[in-house]
Structure formats: structure tokens, C-alpha cells
Amino acid sequence: IRFAAQLSFDVSPQLIRAARDDRVRYALQYKVSREAIGAAIDEMFGTRARDPKRGIQLLMTTNLIDVVFPLEAQQQDGDEPLSIYAIQQNEVKSMAMYSIGIEILSRTQSLVTRIFIQKPELEWDISKRRLLWYAAFFKPVYGMMSSRTASRRGKRQESIFYQLLDALKRPKTDMQLIESILKGVDPLRKMITEGIDVDIVQAALGSSQARHLKWEELSDLRWKLYKTLKPIGTMWKESLLLALASFPNSIDNVNTYNELVCLVEDKLHLKEILDDKDKPRPLLNGTQIQASIPGVGGRAFRHIVESMEEWQVKNICDDVDHISDFERSQLEGELIEYLGTAFAEYEESMRIAATK
């Protein structure tokens, strides 16, 4: 099955029949280690794989999908045994999840192929493709995560999504990156459909028919995209691909991807601070904030730090470690003046601090 996914081979009917034998299922379930199964799936989704969805489809055809990807919630000690009806219902739900996952994976693969056939010059870290395939196939399972559990640890313990990744023995870093992709899908969908003005985007891209863009509009667009993409971090392109794959119009999706990548990396110069989790570093430290705005603390202090981040992103102060002392002093003065305007309730204390 892995070779079929990697090399687009056909599988003979005899092999399919043999794979459906209960003895094969038993051996895979009880005699093959989960580490070996996880490694095989990783190669099936790896950089050399031509058609990852084909491997998943073959697992469905051979009735081995639920052994490789166990979606049943783990029974705890003391739990009531499930009835035959409940077991059958769980099997139906699991098959539905597998089918939806294959459909999402198929659409994502198709979109990626069209994008990079039309624009082969686009840069993309191909090693991240494997994580995108995982995220696409697991997307319906991730959507089942309970919102009733308040704590992150509680969600992790009860979620079939995390149990599935644990069963595949994926490294913790892979699990975190796959989750980053999935967490970014809904915010990106919302941004694409509701959050950005098409006219402003076209103007920022330099369309010949677009109006001239004011600095305030450009800086607001930079901040809006930053707020959406920064929580996703280095996996924002993969989240974007998965978000676009859920829209029906494939031609528009290709154009949207090309335009947004160009906008983010070439026009708004956000690539560096999206790739580096430590950027932008705050221009003012806590001591400087307290000295400039005496008496501020608690929630107000957090709001000031957030406003400082917004000001730096809008004014492209992304790398404060590589500027001269004179430039830094000027920027700090402008930032303090901005904070004084934004937090007028502290104006008097700031004026007194400035005279000392």
C-alpha cells in the first residue's frame, strides 16, 4: 500500500483479497508495532509520495483503515461495556470520518498540484507537505474535539484526535505542527470571506486598475494579516492551502493563494516575523513602560503591551536588534507618544514622568 501511494502502482486483485483476510488484520493489529505502522504512514505521506490519498483509499478497500487509524475512544477501567448497537454506530461514524478525510485530502492534493503547476517559481518547503497531508486527512477528526472541556490538558486527554496521533507514535513536534495547521484553518477562512477588503488587497498588490493606497490602509492591512497568521507561525501556508481547499471554486482558490502569498511576503514583508516566533521583540521593556507610564499594572499593562506590538507591526519595527542607538531612541520616543494618546487616562502621570 505504501509503494502504491509513493509510486502510483496498481495493486493486484489477489493482493487486495489477501489483505482482507482476517489473519492479516489480526497480525497487523497485534504483531506489528505501532511504531512500524506510524513509520509506514509517515513514508506514505512523505516527500516522495506521489498520491497519498491512494494509500488511504487502499486501506479502506482492504478493510484495514480502522486498524491503522483507530478512531474508537479508549475504554477506561470501570466503563460500562458497549452494546452491539453502540459498537455498530461507532463503526458507521468512523467510516464517515475516514471518507470525509479522504475527500478533504483529495481536494487539498488537487489544489496544491494546480498551484505549483501554474506557478512553479513559488517557494514552498516541501518537507512540510507531509504535515499538510496529515492535517487534511485528520481535519474531520479534529473537528470532533469537545469544546466542553475547559482545560487544554483535559481536551488532550479526551480527544480522539490526540489519541490517534499517539497511536501513530508521531513525535511531539509533528503533533504540534499538525495542530497549528488545523487551528489556523477557521481564522483564515473567516479572514478570506469577511476580514479583508478586496480593493485594498488589489491596491497593495499594485494592480493597474487599483486605486492608490494610503499608508494608514496599508499598515492596517499589515496588522490584520499579522494577527491572523502569527498564531499559526511557520505553518501559515499549509493552513492557507487547507482553508482554500474547502472552498468550491478551484480557479479562484489558485489565484487567491498566489495573491495572498505575494501580499504577505513581497508587499507587506511579513515573512521574517512569521517564521521567527521571537519577533517582533518589544521595543520597550517592562521597566521602560513603568517609567514612562507610572502606576500602570494588571490588565492595563497587558493592553499596553498589545498596543505596542500593534504599533511596531504597523510601523514595520520588526527587527529592533539591528538598528542604531539613535534610531532606537527616536522610535522609542514615537512609541511613547503613541501610547500616551492611546491611553489618555495615564496622560497626567506620563507628563510628570517626562519632566523628571
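This is a predicted model: local features need pLDDT of at least 70, side-chain atom pairs count only at pLDDT 80 or more; totals for chains, interfaces and linings use all residues.

I started with contacts in the protein. Among those with a separation of 6 or more, 76% are between residues 24 or more positions apart.

Next I looked up the secondary structure. I got 20 helices and 0 strands. Then I checked burial: the protein has 356 residues, and 42% of them are buried. For the surface, I noted an accessible area of about 20,100 Å², with 51% of it belonging to carbon and sulfur atoms.

**Entry: α8 and α11**

I picked helix α8, residues 129–142, and looked at how it meets α11. Their axes come within 9 Å and cross at roughly 60°. I wrote down the handedness too: this crossing is right-handed.

Which residues of α8 meet α11? On the α8 side I listed Arg130, Leu131, Leu132, Tyr134, Ala135, Lys139 and Tyr142. On the α11 side they meet Asp174, Leu177, Ile178, Glu179, Ile181, Leu182, Lys183 and Val185. Sorting this contact by class gave me 10 nonpolar and 5 charged residues, with no polar ones.

**Entry: α11 and α13**

I stayed on α11, which covers residues 172–195, and moved to its packing with α13, residues 215–229. The axes are 9 Å apart and the angle is about 155°. Angles over 145 degrees count as roughly antiparallel, so that is what I call α11 relative to α13. The crossing of α11 and α13 is right-handed.

Here α11 uses Pro187, Leu188, Met191 and Gly195, and they meet Lys224, Leu225, Thr228 and Leu229 of α13. My tally for the contact of α11 with α13 was 5 nonpolar, 2 polar and 1 charged.

**Entry: α18 and α19**

Helix α18 spans residues 298–314 and helix α19 spans residues 325–342. Their axes cross at roughly 125° and come within 11 Å. That angle makes α18 oblique to α19. I noted a right-handed crossing for α18 and α19.

What does α18 bring to the contact with α19? I found Ile304, Ser307, Met308, Glu310 and Trp311. Across from them, α19 brings Leu331, Glu334, Leu335, Tyr338 and Leu339. By class, I counted 7 nonpolar, 1 polar and 2 charged residues in the contact of α18 with α19.

Terms used. Residues are numbered from 1 along each chain as its sequence is written. Side-chain values use heavy atoms; hydrogens and water are left out. Axes are lines fitted to C-alpha atoms, for helices over the stretch in contact, and angles run from 0 to 180 degrees between N-to-C directions. Helices (H or I, at least four residues) and strands (E, at least two) are DSSP runs, numbered from the N terminus. Angles under 35 degrees count as roughly parallel, over 145 as roughly antiparallel, 65 to 115 as roughly perpendicular and the rest as oblique. A crossing is left-handed if the near helix is turned anticlockwise from the far one by less than a right angle, and right-handed if clockwise. Contact means heavy atoms within 4.5 Å. Ala, Val, Leu, Ile, Met, Phe, Trp, Tyr, Cys and Pro count as nonpolar, Asp, Glu, Lys and Arg as charged, and the others, Gly among them, as polar. Buried means under 20% relative accessible area, exposed over 50%, partly exposed in between (1.4 Å probe, protein chains only). Accessible areas come from the Shrake-Rupley method with a 1.4 Å probe; for residues, only the protein chains shown count as cover.
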